[in-house]
Amino acid sequence: MSQPVLDPALNRVPASCRRIHIMGICGTGMAALAGMLKAKGYRITGSDENVYPPMSDFLADQDIDVMAGYDPANLDVGPDLVVVGNVIRAINPEAIALAEKKIPYVSMPQALGHFFLTDHRSLVVAGTHGKTTTSSLLATALNRAGASPSFMIGGIVEVFGRNFRIGEGEFFVVEGDEYDTAFFNKVSKFLHYQPDCAILTSIEFDHADIFPDLAAIKASFAEFVALIPAHGALVACMDDPVVAEIATKADCPVLSYGSSDACRYRLHDLKVSGLQSTFCVDKNGRELGRFTLPLPGLHNGLNATAVIALMDHLGFSVEAIARGLAGFEGVKRRQQVRGEAGGITVIDDFAHHPTAVRETLRALRLAWPNRRLVTVFEPRTNSSRRSIFQQQYGLAFDAGDVTVVREHVPLTDVAAEDQFSSAQLVEDLQGKGLEAHYFPDTDSILDFLVDKCLPGDIVAVLSNGGFDNIHERLLSRLVARDR
């Protein structure tokens, strides 16, 4: 007997909708959506196979019922609509039951668009790198300027203590992810985000599990840019040649930014001291202002310049923009200081793509030029665990003094010869005269760090996952070591 499939005609929000069930509710974006829908008065239930803190605690605080595991019985609550996360596959038992029961369904991006973006001016931050930081800077600066924005972002924005907000103003800041939407809607999420204005930071090959090549990624970004209406604006980083190419597809005004004289908004005279940067931005060849940002590095200066360009376009004063940037409290897991023990500072960063690794380490080197920089790297994403970036990673760690690489967890559906080799990366770095060490697991890395780290060292942990709570474990062991 053939498996029932979802009816495309039911991929919609029904006219009467009060009870909503969310499959995959413990994902960061899905939990945020659940909280937003609950705040709007909808009755929310959810299911997930990974129900544990912090998301389980967050959902409990929102008084949202979460069912552990996927089961057809989870739909017996009689939802008017089911939101299906992109972690769900067609063979999921709950997805099969959804098809059998013929309940209307949407993806998370479709739900966000329908319930929130239609009534706001959507400001979408897209690009391979810098999305979370740039969208967090934008939301924070808009809020400080009195605009009371709504937002949904892929990281915890420190000033708000969460990754979403329903504000009172006209703007909705959304991090525009190019990853695919759902098993029944294999297009990039940002194509559902109804951009009124957008920032485009960078475009590189990434997400090798869903995009075959750079051409496919460029096609998706071009489709996104084409959605921006003529009355809107595209803020585009012209330091990136692929962004410059895609910007030509826009039917709206293009506000160029970068470090080139040809850019409408040009960053120059960057100075870094510790975790703080100062820089000038010129507009049309004349100085717009000098800005302070509590983040180091050229890439963060460019992220801030994108925010300056968009907010200037939207009519905010230079003084208001500068205040918002100067008071930015940061984003969790983006050059976040997790603690210091025995004079050793432990930094947490999300960097996983070779370009992100390179720019993060360059920024930390600018911040602390006279301190030893120890990098701990865990290949964890689908792309970073494939051989596609093997050579590029060999060029990404030059700014560090010591590099420690953990063995990756193998991908079960990828041939061994097509997977990333941590041992090969270490061998390549050593061949360039760099100090690099390979370890099979987190415990052996901790043993090495506790034995080798010295007062004054900066330990930068780069991973998009929890990394076995290595940050807190390292700090605890360093404290115990020095007693």
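The radius of gyration of the protein is 23 Å in this predicted model. A compact globule of 483 residues would have a value near 23 Å, so the two agree. Along the principal axes, the C-alpha trace spans about 60 × 55 × 45 Å.

The secondary structure of the protein comprises 14 helices and 23 strands. Contacts can be sorted by separation along the chain: of those between residues at least 6 apart in sequence, 66% join residues at least 24 apart.

Burial and surface come next. Of the 483 residues in the protein, 57% are buried.

As for charge, the protein carries 44 positive side chains and 59 negative ones. The centres of these two sets lie 4 Å apart.

Zero disulfides are found in the structure.

| Residue | Relative accessible area | Class |
|---|---|---|
| Cys-26 | 12% | buried |
| Cys-453 | 3% | buried |

The cut-off for burial is under 20% relative accessible area. Cys-26 has 12% and is therefore classed as buried. Cys-453, at 3%, likewise counts as buried because its value is under 20%.

Technical notes
Residues are numbered from 1 along each chain as its sequence is written. This is a predicted model: local features need pLDDT of at least 70, side-chain atom pairs count only at pLDDT 80 or more; totals for chains, interfaces and linings use all residues. Side-chain values use heavy atoms; hydrogens and water are left out. Helices (H or I, at least four residues) and strands (E, at least two) are DSSP runs, numbered from the N terminus. The radius of gyration is taken over C-alpha atoms; the globule rule is 2.2 Å times the number of residues to the power 0.38. Buried means under 20% relative accessible area, exposed over 50%, partly exposed in between (1.4 Å probe, protein chains only). Contact means heavy atoms within 4.5 Å. Lys and Arg count as positive and Asp and Glu as negative; His and the chain ends are not counted. The place of a charge is taken as NZ of Lys, CZ of Arg, CG of Asp or CD of Glu. A disulfide is a pair of cysteine sulfur atoms within 2.5 Å.
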